[in-house]
Amino acid sequence: MIVVAGEALIDLVPQGAGALVGLQPALGGGPYNTAVALGRLGSPTAFCSRVSSDAFGEALLNGLREAGVDVSSVQRGAEPTTLAVASIDADGSASYSFYVEGTADRLFTAPAQLPDETRAVSFGTCSLVLEPGASAYEELMRTAAARGVFTTLDPNIRAGLIPDADAYRARFKSWLPSVALLKLSEEDALWLGGTPREWLASGPAAVVITQGGDGLTAFTRDGSVHSVPGEEVEVVDTIGAGDTVNAALLHGLAARDALSPAALADLGPEGWTDLLRFAARAAAITCSRAGAEPPYASELSA
């Protein structure tokens, strides 16, 4: 089982141009999207979070269940659901403003243990920024890594939520010894500073950087670099594309029985190329339709 730990929220997506255009609620949150994408790909998946008991919270849980995701580890709370108001640029890129004060997901507490069958845990996005939940997710990350569980991190930077950029950058570096696979976008890498080689020296076995339409590149500890181009597609928007990459990488590694640092080192050029191409194709399908709508396994095998 792959466990995805982090926030579930509601994206409010504009249905046209202008400040007062109508907003369409959509299920979202980077970890949430990753869990749904894993479920649709067919990986046994569980979601570990705290979700509101309001109507939005119920809709979020239903979306997970429909994707085949185990929600037995989800905590519940009476506080409202976090909202993210999206803005879509001309090229389909999305940016967000957030309504997070007093919301349910940021009151997450670390569970005493993960499911016995857990093979990997995925972390990222707002859940590692907003306290007190951020410290609880950090505790879970360190505990899982110490027990030998494969861990992945997608920082998925939302700069507007980070009050002290330098403090966050230092905290990011402190996580790296507990991370097996680091995945981030070019924009995230630029904001964080540093290089893949510097990050690899701190702990991860591999770093994958997404480059939008230009594809993906993986860097590994042995000095190897593996790149694939992006899949050509008519972009509707990029919501959920990076989250789909997270899921595709984890799904592909699980299928190869490669959810360990040693196995990552043994993938080799052909293995990395196949894995990255699979992730690029999955992300392209997500970009071809509105909102975070990751593909099903049947769409990638066709």
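**Close-up 1. What order do the strands of the open sheet have?** The 8 strands run β4-β1-β9-β10-β11-β12-β13-β14, with mixed pairing. This is a predicted model, where local features need pLDDT of at least 70, side-chain atom pairs count only at pLDDT 80 or more, and totals for chains, interfaces and linings use all residues. Residues are numbered from 1 along each chain as its sequence is written, and side-chain values use heavy atoms, with hydrogens and water left out. Strands (E, at least two residues) and helices (H or I, at least four) are DSSP runs numbered from the N terminus, and two strands pair if DSSP finds at least two bridges between them.

**Close-up 2. Here are the edges of that sheet, β4 (45-48) and β14 (225-228).** Each has a single partner strand, so one side of each is left without a neighbour in the sheet. For β14, look at β13 (residues 216-220): the two pair in the antiparallel sense over 4 bridges. Thr217, for instance, has Ser227 in β14 as its bridge partner.

**Close-up 3. Arg171 and Glu138 join two helices through a salt bridge.** A salt bridge here is a side-chain nitrogen of Lys or Arg within 4 Å of a carboxyl oxygen of Asp or Glu, and the count comes to 11 by this rule. In this one the N to O distance is 2.7 Å. Arg171 sits in α4 (residues 165-175) and Glu138 in α3 (residues 133-146), so the pair ties together parts that are 33 residues apart in sequence. Glu138 is buried at 16% relative accessibility; buried means under 20% relative accessible area, exposed over 50%, and partly exposed in between (1.4 Å probe, protein chains only).

**Close-up 4. Asp257 and Arg119 meet in a salt bridge between two loops.** Their N to O distance is 3.0 Å. Asp257 is in the loop between α7 and α8 (261-265), and Arg119 is in the loop between β8 (94-99) and β9 (120-124), so parts that are 138 residues apart in sequence are tied together. Asp257 is exposed at 59%, while Arg119 is partly exposed at 35%.

**Close-up 5. The largest pocket has a volume of about 1,200 Å³.** On a 1 Å grid over the protein atoms alone, a pocket is an open set of points with protein on both sides within 12 Å along at least five of seven lines, a cavity is a set where a 1.4 Å probe fits but cannot get out, and lining residues have an atom within 4 Å of a point. Points are joined across faces, edges and corners, and a volume is the space filled by probe spheres set on them. Of the 47 lining residues, Ser185, Glu187, Thr238, Ala241 and Gly242 lie nearest the centre.

**Close-up 6. The second largest pocket has a volume of about 230 Å³.** It is lined by 14 residues, with Leu27, Val36, Arg40, Ala292 and Glu293 closest to its centre. Helix α1 gives the largest share of the lining, 4 residues.

**Close-up 7. The largest cavity has a volume of about 50 Å³.** It is one of 4 cavities of 30 Å³ or more. Among its lining residues are Ser122, Thr152, Lys183 and Asn246. The elements that give two or more residues to this lining are β10 (150-154), β11 (181-185) and α7 (241-255).
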